Amino acid sequence: MAPVLTVKDLSVRFALHDSVVTAVNNLNFTLEAGETLAVVGESGSGKSQAFLALMGLLAKNGSVSGQALLGDVDLLALSKTELNQYRGRDVAMIFQDPMTSLNPALRLKQQLAEVLVLHKGQDQKQAETSAIAMLERVGIPEPAKRANAYPHQLSGGMRQRVMIAMALLCQPKILIADEPTTALDVTVQAQMLDLFKTLTDDFGTSLVLITHDLGVVAGVADRMMVMYGGRPVEKGTVDDLFYDPRHPYTLGLLHSTPHIAKRAERLDPIQGMPPSLENLPKGCSFHPRCAFAFDRCLAERPALTALDNGREKACFHEGPMRYGKVA
Amino acid sequence: MIQFILKRLAVAIPTLLVLIVVSFFLMKMAPGNPFAGEKTVPQSVLDNIYARYGLDKPEWQQLAEYIYNVVFRFDFGPSFQYRDRTVNDIIAQGFPVTFTYGAWAFVAASVIGIALGVVAAVRQNSWADYLSVGFSIGAQVVPNFVMAPILVLVFTLWLRWLPGGGWNGGHWSNVVLPVVALATSYFANIARITRSSMLEVLGSNYIRTARAKGLPGWKVIFGHALRPALLPVVSYLGPVFVGMVTGSVVIDLYFSTGGIGQAFVNSALNRDYSTILGITILLGALTITANLVVDVLYAWIDPKIEL
């Protein structure tokens, strides 16, 4: 089956005062129908910007190039007006901060119903009924009553449920969730991930989960793409990457995650700081922080190359990596 | 909501009483009195006049009688300056004039100011932004006592389109110039406040959500951004409304409109005690009402505010 989304050579640039930074550099990936793809990386790795670009939501100084094929429609070639037919209907997005992502001045039912009025041509009454049904589906108690509430009358978890309901109203082909659980309590996070899983399965929606939390990835994702400095450095199934990471950065991320079985006093972070996009290191952008870097890494940028089982990595290092034993 | 409004109206009564008392004593503390003039008047004549207007009584008694008349007979007393006119007459004659051009100026300033502010914010850093900001600043730096003669010069003397003064029972041609002169000094501020508040709202997360839904641009602006963006504008508009409908001495002076603004200033200069107090009470009542309306509007704009 053809993938629902094929992204080719996606680059995102921001014009600064006197320079241009490239936040996302020649990103290629596909998203299959119904799968969950986790996009993982530190702050500034370009993971959010790549998907904001798909949604036409870049900041004013941002520009995008490349292709993003939704079926045979290139989202990046559309005008704003044309794009409006697709966003919210075929591609929906949920944001990190549920506290501020809903309009404080409008009742929930207004904010939900307008999506259906817009994309499905329903009348206001019909749309409100469907909205209430969707609120019930995402686990909001007394949905008919809550639909009349304003956002400030709901807790953070409830608001994120409303955001999910809003995104799923049109049963989109793709749901992009940008750090959907970061601002929530851990217990609420787990509920939310369950909800994502159930609903995207029910609707056959492909889920893109942008996160820096590997716990979240392990829970719900099928495949993952690790990004560093605006480029993907490793792609593959979640199982492969978790049990057999081939890129030192993936390995570092896994090691810096607290583990319930290990009674470590301190976490084991990746040394150094994420690179400044204005001034990326020469060669492999990860080499200054990499325990396995050698001469070639300083001079040449490793390309993303295919490995077995559909995996890809961008690293010159061959053979096993043993973390903590720095050569 | 109704309870809130009733409560506020109940509080308004003591507020107005305090206003009367304070104004009364401030007025009495000012040197001179309504009948002090350059001509020396025999003391016996003065005594007669004082007795006629009740000025011979102790001040607390004057105050008590004044309050009694205002509260129970809605009588603001005779003017100390114009022998055959009461303060009620002066207000009844001047206030409708002032209210007419003030209210129109308020509407014009709000509509133009908000529209310019929204356009400037939506097209930030474009020629439309620079044009509306430039226009606003231009309007702001020209005070109305400069604006008024310029308008008369252009529209009355050069173009001969509009009369340069008079009220003529509120004929539209007499209303236009006072409205324009009064509105220009205010719409600039309204535009500036709208622009910056709109910019802030347009950069907020919930506007990004609205865009992600695929809403067309105008719906994002008018359906989602405008209402929250108007909050600071509304708080500015309350006092502006009062300032405008209570008139401007400059407007009354240049256009001979005969509004209450000029009457107020004249009364203060002439120590026309009853007129000063009458107009002060009117201003106080209007201010209290405008603030109440602003608070109710707040609650409508921002559901977090519960009345």
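Let me begin where the two chains meet: the contact between them takes 22 residues from chain A and 19 residues from chain B, where two residues are in contact if their C-beta atoms, placed from the backbone, lie within 7 Å. On the side of chain A that touches chain B, the elements that give two or more residues are helix H2 (80–86) and helix H3 (108–120) of chain A, and H3(A) gives the most, with 4 residues. Helices (H or I, at least four residues) and strands (E, at least two) are DSSP runs, numbered from the N terminus. Sorted by class, that side of chain A has 10 nonpolar, 8 polar and 4 charged residues; here Ala, Val, Leu, Ile, Met, Phe, Trp, Tyr, Cys and Pro count as nonpolar, Asp, Glu, Lys and Arg as charged, and the others, Gly among them, as polar.

A word of care about the source: this is a predicted model, in which local features need pLDDT of at least 70 and side-chain atom pairs count only at pLDDT 80 or more, while totals for chains, interfaces and linings use all residues. Residues are numbered from 1 along each chain as its sequence is written, and chains are lettered from A and ligands numbered from 1 in the order in which they are written.

Now to chain A as a whole. Its secondary structure comes to 11 helices and 12 strands. The radius of gyration of chain A, taken over C-alpha atoms, is 21 Å, close to the 20 Å that the globule rule gives for 327 residues, so chain A is as compact as a globular protein of that length; the rule itself is 2.2 Å times the number of residues to the power 0.38. Of those 327 residues, 46% count as buried, and a residue is buried if 20 or more other C-beta atoms lie within 10 Å of its own, exposed if 12 or fewer, and partly exposed in between, with C-beta atoms placed from the backbone.

Chain A is divided into domain 1 (5–90 + 170–313) and domain 2 (105–169), with bounds that come from an automatic or database domain assignment. The C-alpha centres of these two domains of chain A lie 29 Å apart, and 14 residues of domain 1 are in contact with 12 residues of domain 2. Helix H7 (residues 186–203) of chain A supplies the largest share of the domain 1 side, 5 residues.

Next, please look at the open sheet of 4 strands in chain A, which has the order E2-E1-E4-E5 with antiparallel pairing; two strands pair if DSSP finds at least two bridges between them. E2 and strand E5 (73–74) of chain A stand at the edges, each with a single partner strand, so one side of each is left without a neighbour in the sheet. Strand E1 (residues 5–15) and strand E2 (residues 20–31) of chain A pair over 8 bridges and form a hairpin with 4 residues between them, and in this pairing A:Phe14 stands opposite A:Val21. E1(A) is also joined by 8 bridges to strand E4 (residues 62–70) of chain A, where A:Arg13 stands opposite A:Ser63.

Finally, chain B. Does helix H1 of chain B lie largely buried or in the open? Of the 28 residues of H1(B), the number buried is 1, so this helix lies largely in the open. By contrast, B:Trp167 is buried, with 20 other C-beta atoms within 10 Å, and its place is in the loop between helix H6 (144–158) and helix H7 (172–202) of chain B.
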